[in-house]
Every structure is written in structure tokens, then in C-alpha cells.
Amino acid sequence: MDKFKYRCINCDKEHLETEVKYLCPDCKKRNTPNNPPKGVLKTIYQYDKIKERFTQDKKHETLWGYLKASGFIELLPIKSLKNLPNLQVGSTPFYKIDKLNNSKLPFNLFLKDDSQNPTYSFKDRASAIVSAYAKENNIETIVAASTGNAGSSLAGICAANGQKAIILVPEAAPLAKLTQIIMYGAKLIPVKGTYDDAFDLSIKATGAFGWYNRNTAYNPLTIEGKKTVAFELFEQMNFKSPNRIFVPVGDGVIISGVYKGFEDLLNLGIINKMPVIVAVQSKGSDNLTRNINNKTFKIKASNTVADSISVDIPRNFYMAKQFIQNYGGEYLSVSDDEILKASTVLSKNTGLFAEPAAATAFAGLLHYQANNKLANGSSNVVLLTGSGLKDLQAVQKTLKIPEAIEPDIRNIIN
Ligand SMILES: [Zn+2]
């Protein structure tokens, strides 16, 4: 029997791994432009069989070592760890923060710093799994459409794993991410238009040239990589779940990954309650949360400082919506002003410089704090998904670099 199978998020039909690589064949026929795609697949394991194998392992040094020692390796869609890139993906720092702006916090605040992945973003978790799967299936070329982070991630991971990466980006992607993609030796193809235009073109190219496609909410395995953060959080909290997790949301894939990891733990009976997951969007790009209760999907053109979560058509809308509705998830949107302020508060108080998309999640936490929505003693995690160095331009307008002075002590004001 196969290690895993796929289940369509919209029609519930199950598919074998050998039959389908991307979307549900039935649902994808009915997809139309300007609507989120139906037919995204969820990866399902034989939970009953692997239930017994879990142990609380604390002796490992890496994410993969942890997954192997704990038994969670059975929840990955790859055959062997040896096909993963030789880079430290995951095992990212987890910090407890006691004070903000000099006041002691009445609740527990934890920051999961996923900017400390090899290419400085959360996306390495997904790229590593996709890359290993490609290796196991003798696929040499992987293509992705990206607003920047997924592309720079795939480029770096492929460089480490001896594979070829082709990255399509909207032409407005930040310079640091474009630079990374080229430095890692990937083929960079800037596309006139939005992320959605780059996405559609990458799918056409996948069909035309036989490449393997890493696009999120298209390739089901990206969620399986992203879910590893849930396993790590569970371990870093001493095998407990937090009360709330604040996650930045654009196309709904990272949040679905976090949910999927905890859902796997629920299916194994390792936890008995889903943590409250808070989807935080930018007000300038809130196409996912704004449409959750709408009968028909209505697009609003995105315009936000948080480029990584600037998305007109959230590709994983249906799965994210299902998770949020099934598990009592919460959601809110914050303004660009709140995002930039949150970025400053975070940097000055913690020494962690996050990119605007990651600061969006922190802005969500600050919003909850200001509205007294965090119970005393509760545990709250903010997922920081990318480094601030990836998008310096975004914060430039909030700061002023001082003019140079003559090197004379009298010019220094103490
Ligand atoms: Zn379907």
C-alpha cells in the first residue's frame, strides 16, 4: 500500500500518487479565470498504522533528525531523507519575549523565527520536500512562479541539491529576492503583470516543457513541507500546542500548512484540540479573509507594502477557508501603517528584523493585545516568515539615514 494518497479539497474524491501530480482532474476542468482554483489536493497518510510509532524525542539536532526520531517522518511524502538538500532547513529559533516597550506582558509571547532558514524565508520548508520528491522521481528541472520568496527559496535549494530551477516572477518583485535567484544560478524570468500572470504562464510552461512545478496550491507537496513548522512548534513548546498562532496570509498556503501539521497530530491522537490559528492579512490585500463568507468570490486589486502576501486570487482559498471554518479559526486585516509600525516595534524590542509580510502577523498580535483579546497567561506564537533584509525598500520611508559628519568629536551629540 502506498505511503500516502491525495484527497480533493472540493469534491472529496481520492487519488493515488501515481495518478495525479497537481490538481484534481475533475474539479480543474471547471476552473475559471478570476476565481480561486478548485481541486487543490490534500495529502492523506495511513494514520491508524503510524499512530503507535510516535515518541517525544529531545535529542535530535536538526528538523529531519527530529522527524526521524519522533516518528513524524512517516508523515512526509518522500521515501528517504538522503534526497533532501544538504542545508539546514527548519530547526529555526523559537524565542520567548517577556516585555514589549518596557512593559511586562501579561500573556506568553513566542516568536518563531523562520527567517533563519537557508534562503532567509519559511519557503525553504516547502522547497526542500519538493526538491527531494523530484530527486526520487528523477526529475531535474523544477519551475515556480513566485512573488520572490518561494522563487529565491527554490533557487537556493536546487543549487544545494544539484537541480535546475526556473523562476517566473512579477517584474515588481523586490531586488534582494531577484538577486538571490540569479546568485543561486537559477533561470530568472521576470513577467510583465502580476503574480497571477506569472503563475498562469508557469503552468503553461510546465505542460509544454515537462518540468516539475513547485507552485503553491498547485503542487500538493508544498503544504507537506510547510506543515513541518507545526511539528517543530509542538516540540519547542515541550510537546504542547499554543493557544494562538498568528500567521501572515496571502494565498492561504502557509496557514494551510500550519493547520495541516496540527491536523496530522490530531489524526494521530497526539493532541486533542486544534490551536486557534489567526489569519492576518494586509488591508491592501485581503482577498482571502474578505471572501470567507461570500457566496461568490469578489476580487479587489492588491496594493500593500507587504509584497509577499500581495495576492489578487488566493490560490489556496478553498483549503484555507475550510480549515478556518472547521477549526474555529480567527482572522483580521491590518493597514500598511500598522504593518510598518509593527515592524519597528518588533525590531527595536527583540532584535528581529522581519520583512513586511512577517511583520503583518506581529501587527495582528499587537491588534489583539490593544483590544484585550489575549487572556492572561495564554501562550501566543507569531510566525515570522521572512527576513527584513529581503525588502529594504519597504521600510525606507519610515526611517531617515543621517547625513555623514566630518570626523570630529565636536560633531557627535551625546
Ligand atoms: Zn475534485
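This is a predicted model: local features need pLDDT of at least 70, side-chain atom pairs count only at pLDDT 80 or more; totals for chains, interfaces and linings use all residues.
Cys24 is a buried residue, with a relative accessible area of 0%. On disulfides, a search of the whole structure finds zero. For anyone new to the term, a disulfide is a covalent bond between the sulfur atoms of two cysteines.

Next, salt bridges. How many does a search of the whole structure find? The count is 22 salt bridges. I will go through three of them.

One is between Glu232 and Lys112, where the closest N and O atoms are 2.6 Å apart. Glu232 sits in helix H9, residues 228–236, and Lys112 sits in strand S5, residues 103–113, so this pair ties together parts that are 120 residues apart in sequence. Both Glu232 and Lys112 are buried.

The next pair is Arg315 and Asp196, with 3.3 Å between the closest N and O atoms of the salt bridge. Here too, distant parts of the chain are linked: Arg315 is in the loop between strand S11 (276–282) and helix H11 (317–326), Asp196 is in helix H7 (residues 195–209), and the two are 119 residues apart. Are these residues buried or exposed? Arg315 counts as buried because its relative accessibility is 7%. Asp196 has a relative accessibility of 7% and counts as buried. The cut-off behind these calls is under 20% relative accessible area for buried.

Then there is Lys227 with Asp264, whose side chains meet in a salt bridge at 2.7 Å, N to O. Lys227 is in the loop between helix H8 (221–226) and H9, while Asp264 belongs to helix H10 (residues 253–267); the pair links distant parts of the chain, 37 residues apart. Lys227 is buried, and Asp264 is buried as well.

Some salt bridges share partners, and in that way Lys112, Asp114, Arg125 and Glu232 are joined into one network. Lys112 and Glu232 are the pair I described with the 2.6 Å separation.

Last, the surface. Which residues form a positive surface patch? They are Lys28, Lys29, Arg30 and Lys38. Take Lys29 from that group: its place is the loop between helix H1 (25–28) and strand S3 (41–45). Why does Lys29 count as exposed? Its relative accessibility is 66%, and exposed means over 50%.

To recap, the search for disulfides gave zero, and the search for salt bridges gave 22. That is all from me.

Technical notes: Residues are numbered from 1 along each chain as its sequence is written. Side-chain values use heavy atoms; hydrogens and water are left out. Patches are made of residues with over 30% relative accessible area and no salt bridge: like charges are joined within 9 Å, nonpolar side chains (Val, Leu, Ile, Met, Phe, Trp, Tyr) within 5 Å. Accessible areas come from the Shrake-Rupley method with a 1.4 Å probe; for residues, only the protein chains shown count as cover. A salt bridge is a side-chain nitrogen of Lys or Arg within 4 Å of a carboxyl oxygen of Asp or Glu. Lys and Arg count as positive and Asp and Glu as negative; His and the chain ends are not counted. The place of a charge is taken as NZ of Lys, CZ of Arg, CG of Asp or CD of Glu. Helices (H or I, at least four residues) and strands (E, at least two) are DSSP runs, numbered from the N terminus. Buried means under 20% relative accessible area, exposed over 50%, partly exposed in between (1.4 Å probe, protein chains only). A disulfide is a pair of cysteine sulfur atoms within 2.5 Å.
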